2 protein chains.
Amino acid sequence: MRSLGQRIELLRVIAHPVRIKILEELVEGVKCVSDLTEFLEVSQPNLSQHLALLRNHRVIDYYIDGRLKCYFLVEPIIPDLLELLKKNYREQLPGPECCPITKKGKYPGERRR
Amino acid sequence: MRSLGQRIELLRVIAHPVRIKILEELVEGVKCVSDLTEFLEVSQPNLSQHLALLRNHRVIDYYIDGRLKCYFLVEPIIPDLLELLKKNYREQLPGPECCPITKKGKYPGERRR
DNA sequence: TAAAAATATAATAATATTTGAATATATTTA
DNA sequence: TAAATATATTCAAATATTATTATATTTTTA
């Protein structure tokens with residue numbers, strides 16, 4: 001399993017609009033590169049570069065089917081992560097029991113200094 | 001609520017070891033900057049820059065308590081995201097019913113071309 | 001009111017990421 | 001075997017991110 005540090009690097013790799021779209025396609029199932037071209041408005045070499053990055057970080061893999069390369073997901077955190085990105089959340093977390101700036105109310109929790 | 005595009009940008013902002021550590025501290029509760037300094041091995045100005053980035057992206061906010069600034073979480077996706085990063089996963093997702101390279105077995109799913 | 005404490009900002013340098021253009025590779029088909 | 005198809009690689013330019021150093025701001029305390 002990946003360490004926390006590796007997971008953070010994974011986040012960085014994933015945090016790009018094109019790569020998120022690629023992954024969204026791949027959670028649905030195997031896709032070859034030309035399938036992906038239809039959904040993504042990027043050049044073929046650029047798509048290939050994004051695929052290589054995801055491949056190098058063990059997020060996806062492919063098998064060869066004639067002259068097609070068929071990509072699929074291998075990193076198990078991805079489906080959960082994509083789901084999380086679409087989950088509904090309330091606007092903001094409740095702040096601490098004290099007003100910003102005004103300084104009224106008490107400071108919640110410990111502090112040293 | 002944030003759009004998917006904004007969520008992806010949020011991922012990018014979060015995907016840094018120092019900023020993840022900051023957020024891990026803040027899910028526990030309010031912390032002032034000098035509290036954070038004890039946990040993070042970065043210079044004060046650098047910490048301040050990371051805080052500013054998180055602030056500018058509406059991930060955290062603070063209130064002023066004398067000469068302290070007390071930071072807290074406001075972005076509601078953060079606790080779930082941090083939990084996800086620590087979740088246990090099996091090594092890899094099951095590949096499609098076909099061997100890479102060997103080309104044996106059938107190609108799963110539709111394809112056009 | 002001057003010094004100290006807590007934190008922020010600005011400027012810079014180093015490094016990393018992203019894209020585009022050109023070219024390469026591998027497989028199939030004519 | 002040459003052409004066509006599908007995909008990858010390389011290089012360079014543009015841009016973004018990160019950390020460092022120096023300095024600024026604000027509030028409290030002596």
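Hi everyone, let me start with one residue: A:Arg58, which sits in the loop between H4 and S2 of chain A. Keep in mind throughout that this is a predicted model. Is A:Arg58 buried, exposed or partly exposed? It has 14 C-beta neighbours inside 10 Å, so it counts as partly exposed.

Now look across at chain B. B:Arg58 lies in the loop between H4 and S2 of chain B, and its phi is near 60 degrees, again a positive value in a residue other than glycine. With 14 C-beta neighbours inside 10 Å, B:Arg58 is classed as partly exposed.

That brings me to how the two chains are related. Chain A can be laid on chain B with an RMSD of 0.1 Å, using a turn of 180 degrees and a shift of 0.0 Å along the axis. This is the relation of a two-fold axis. If you want to find the axis on your screen, go to A:Arg12 in chain A: its C-alpha is the nearest to the axis in that chain, at 2.9 Å.

Let me step back to chain A as a whole. It has 5 helices and 3 strands, and along the sequence they follow the pattern α-α-β-α-α-β-β-α. Chain A has 113 residues, and 26% of them count as buried. Taking the contacts in chain A with a separation of 6 or more, 42% are between residues 24 or more positions apart.

Next, the place where the chains meet. How many residues of chain A are in contact with chain B? There are 49, and they touch 49 residues of chain B. On chain A, at least two residues of that side come from each of helix H1 (4–14), helix H2 (17–28), helix H3 (33–39), strand S2 (60–65), strand S3 (68–73) and helix H5 (77–86). H1(A) supplies the largest share, 7 residues. Sorted by class, the side of chain A that touches chain B has 31 nonpolar, 7 polar and 11 charged residues. And 100% of the interface residues of chain A are also interface residues in chain B, so the copies meet through the same surface.

On to the sheet, using chain B. It is an open sheet of 3 strands in the order S1-S3-S2, with antiparallel pairing. S1 and S2 of chain B stand at the edges with a single partner strand each, so one side of each is left without a neighbour in the sheet. S1 (residues 31–32) pairs with S3 (residues 68–73) over 2 bridges, while S2 (residues 60–65) pairs with S3(B) over 6 bridges.

Keep B:Gly66 in mind, as we now turn to the DNA. Which residues come closest to DNA strand D? Of the 21 residues that surround it, the closest are A:Val33, A:Ser34, A:Pro45, B:Pro45 and B:Gly66. Two or more residues of this surface come from each of H3, helix H4 (44–56) and S3 of chain A, and from helix H4 (44–56) of chain B. The largest share is that of H4(A), with 6 residues. By class, the surface near DNA strand D has 8 nonpolar, 9 polar and 4 charged residues.

And the other strand? DNA strand C is surrounded by 22 residues, the closest being A:Pro45, A:Gly66, B:Val33, B:Ser34 and B:Pro45. Here H4 of chain A and helix H3 (33–39), H4 and S3 of chain B each supply at least two residues. H4(B) gives the most to the surface near DNA strand C, with 6 residues. That surface has 9 nonpolar, 9 polar and 4 charged residues.

One last look at H4(B). It has 13 residues and reaches 18 Å from its first C-alpha to its last, close to the 18 Å expected at 1.5 Å a residue. Just after H4(B) comes B:Arg58, with its positive phi of about 60 degrees, and that takes us back to where we began.

Terms used
Residues numbered from 1 in each chain as written. Chains lettered and ligands numbered in written order. Predicted model: local features only at pLDDT ≥ 70, side-chain atom pairs only at ≥ 80, totals over all residues. Contact = placed C-beta atoms within 7 Å. Helix = DSSP H or I, 4+ residues; strand = E, 2+ residues; numbered from the N terminus. Nonpolar A, V, L, I, M, F, W, Y, C, P; charged D, E, K, R; others polar. Near = placed C-beta within 6 Å. Least-squares fit on C-alpha atoms with pLDDT ≥ 70 in both. Expected span 1.5 Å × (residues − 1). Pairing = 2+ DSSP bridges. Buried ≥ 20, exposed ≤ 12 C-beta atoms within 10 Å, placed from the backbone.
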